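Colleague: I am new to this structure, and I would like to go through it slowly with you, one question at a time.

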Amino acid sequence: MARKATSMKKTRPLDSRADEFGEAELTVLGGHNILFVMAVDVEYGPHLKQRFTPLISGVGPVEAAVELTVALATLAQRERLPDLVVSLGSAGSRVLEQTEIYQAISVAYRDMDATPLGCEKGATPFLDLPATVALPLRIPGIREASLSTGANIVSGAAYDAIAAEMVDMESYACLRACMRFRVPLVVLRGISDGKTELRHVGHWTEYLHVIDEKLASAVDRLGEALADGLLER
């Protein structure tokens, strides 16, 4: 994380995505240039709005991969790649504490199943990566958990097939885009649902205002760790 931090101006509306005509906004945090990525505006509450403007990727691994890759490619072309990408938002979990914030220590891609070819479930054929990829960076003082990414919303008995402690729909895609551009990734998730069957959108959004405030505190901790050189590997 040695790139020099510079001040960034807003170059696009909050509800737009980076494309060939615009550039994702970077935030200077702890002396480093950070690109924050979130799936949807509904997760981007008033506390986070005081701290950064995110790239809004859309929902699911395809949208996240496309939008973050475009954003990073545009920044790379202009020699403005971030020092760090932070993927943040909500996640589901049947075992973790609801509304609490966790940093992902690993991420798996639950949609991938090439077992008929002799591959381990979750491992992509001809890609030299394990089914579960470790995320080495650690923010001191934030709880840790394993993460599974996929295109489906997990609820109820569907958790039985997933070994990870929490689930989302974008982080593995963000990881692969970051790996392509050799930019490190941190994943922060607030647990919004999972204790009971998810039956309508209100079960997901009910506690997003609490998660917004707690994610903002986690971002502050990240800034302190960066400034003090304590982002641990």
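**Aromatic residues and the fold**

Modeller: Phe52 is buried, with a relative accessible area of 4%. Please keep in mind as we go on that this is a predicted model.

Colleague: How many aromatic pairs does a search of the whole structure find, and how many degrees lie between the planes of Phe36 and Phe52?

Modeller: The search, run over the whole structure, finds three aromatic pairs. Phe36 and Phe52 form an aromatic pair with 3.9 Å from centre to centre, and planes under 30 degrees apart count as stacked. This pair is stacked, and the angle between its planes is 10°.

Colleague: Is Phe36 buried or exposed, and which residues form one aromatic cluster with Phe36?

Modeller: Buried means under 20% relative accessible area, and Phe36 has 1%, so Phe36 counts as buried. As for the cluster, Phe36 forms one together with Tyr44 and Phe52.

Colleague: What pattern does the protein follow when read along the sequence?

Modeller: The protein has five helices and nine strands. Read along the sequence, these follow the pattern β-β-α-β-α-β-β-β-β-β-α-β-α-α.

Colleague: What percentage of the residues in the protein are buried?

Modeller: The protein exposes about 11100 Å², of which carbon and sulfur atoms supply 52%. The protein has 233 residues, and the buried share of them is 53%.

Colleague: Which residues of helix H3 are buried?

Modeller: Helix H3 (residues 171–181) is mostly covered, since eight of its 11 residues are buried. After the helix comes Arg182, whose phi is positive, near 55°. The buried residues of H3 are Ser171, Tyr172, Ala173, Cys174, Leu175, Ala177, Cys178 and Phe181.

Colleague: What is the volume of the second largest pocket, and which elements give two or more residues to its lining?

Modeller: The second largest pocket has a volume of about 300 Å³. Of the 16 residues that line this pocket, the closest to its centre are Ala108, Arg110, Thr132, Ser148 and Ala163. The elements that give two or more residues to the lining are strand E5 (101–109) and strand E7 (143–149).

Colleague: Which residues is Ser146 in contact with, leaving aside its neighbours within four places in sequence?

Modeller: Ser146 lies in strand E7. With a relative accessible area of 16%, against a cut-off of under 20%, Ser146 is buried. Its contacts, once neighbours within four places in sequence are left aside, are Ile105, Ser106, Ala164, Glu165 and Met166.

Technical notes:
Residues are numbered from 1 along each chain as its sequence is written. This is a predicted model: local features need pLDDT of at least 70, side-chain atom pairs count only at pLDDT 80 or more; totals for chains, interfaces and linings use all residues. Side-chain values use heavy atoms; hydrogens and water are left out. On a 1 Å grid over the protein atoms alone, a cavity is a set of points where a 1.4 Å probe fits but cannot get out, and a pocket is an open set with protein on both sides within 12 Å along at least five of seven lines; lining residues have an atom within 4 Å of a point. Grid points are joined across faces, edges and corners, and a volume is the space filled by probe spheres set on the points. Helices (H or I, at least four residues) and strands (E, at least two) are DSSP runs, numbered from the N terminus. Rings of Phe, Tyr and Trp (its six-membered ring) pair if their centres lie within 6.5 Å; planes under 30 degrees apart count as stacked, over 60 as edge-to-face and the rest as tilted. Buried means under 20% relative accessible area, exposed over 50%, partly exposed in between (1.4 Å probe, protein chains only). Accessible areas come from the Shrake-Rupley method with a 1.4 Å probe; for residues, only the protein chains shown count as cover. Contact means heavy atoms within 4.5 Å.
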